[in-house]
Amino acid sequence: MRIALILILLASPAAAAPEHPVRHTTAEYLAAYGMARDYARAHSPLAPQPTCRRAIGRRASMIVEQRCRDVAAGTRTNCTTTDWCVAMLDNLARHCAFWRGDVLCVYDEDGGAIRNPAPKSP
């Protein structure tokens, strides 16, 4: 029984998340996002693909995963280390649909903008 519980915990998406957040700059995120997007566009989602970590590199993938975790806030559509780049970008698009611009989830303080801001009251 104890072994089964441990296996369930290890198989959960939360177990795939690193213990500490991956610190990164906005420039690193923009570069990593661009690499993931370019890889996803160049390869058919119908064909077998390596994980995003293998496709674009560990550090770049960890940065995209971290941003996905940040905006997903623990929901079931969180990114994991075993996701394809397409899956990570889809998760970011789902959680960041209200962001404006070519790269999703760039925070306001880093130059991003919300697509549909709340109307200002007179």
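Number the bonded cysteines of the chain in sequence order, and the pairing reads 1-4, 2-3, 5-6. A disulfide here is a pair of cysteine sulfur atoms within 2.5 Å.

First, the ground rules. This is a predicted model, so to speak of local features we need pLDDT of at least 70, side-chain atom pairs count only at pLDDT 80 or more, and totals for chains, interfaces and linings use all residues. Residues are numbered from 1 along each chain as its sequence is written, and side-chain values use heavy atoms, with hydrogens and water left out.

Now the pairs. Cys52 bonds to Cys85, with the sulfur atoms 2.0 Å apart. That pair links distant parts of the chain: Cys52 sits in helix 4 and Cys85 in helix 6, 33 residues apart. Helices are DSSP runs of H or I, at least four residues, numbered from the N terminus. The link of Cys52 and Cys85 has 90° about the S-S bond and is right-handed. Both cysteines, Cys52 and Cys85, are buried. Buried means under 20% relative accessible area, with a 1.4 Å probe and protein chains only.

Next, Cys68 and Cys79. Their S to S distance is 2.2 Å. The torsion about this S-S bond is about 80°, so the Cys68 and Cys79 disulfide is right-handed. Cys68 lies in helix 5, Cys79 in the loop between helix 5 and helix 6, eleven residues apart. Cys68 and Cys79 are buried.

Then Cys96 and Cys105, sulfur atoms 1.5 Å apart. The torsion is about 85°, so this disulfide of Cys96 and Cys105 is right-handed. Cys96 and Cys105 are both buried.

On to helix 5. It runs over residues 58–72, 15 residues in all. How far does helix 5 reach from its first C-alpha to its last? The answer is 20 Å, close to the 21 Å expected. The expected span is 1.5 Å times one less than the number of residues. Twelve of the 15 residues of helix 5 are buried, so the rest of the structure largely encloses it. Among them are Glu65, Arg67 and Arg69. Just after helix 5, Ala73 takes a positive phi of about 50°.

Last, the core. A nonpolar core is a set of buried Ala, Val, Leu, Ile, Met, Phe, Trp, Tyr and Cys residues joined through side-chain atoms within 4.5 Å. The largest has 26 residues, and those with the most contacts inside it include Leu92 and Cys105. Helices 3, 4, 5 and 6 each supply at least two residues of this core. Leu92 touches Cys68 and Cys105, among others, not counting residues up to four places away in sequence. Contact means heavy atoms within 4.5 Å.

Conventions:
Buried < 20%, exposed > 50% of the residue type's maximum accessible area, 1.4 Å probe, protein only.
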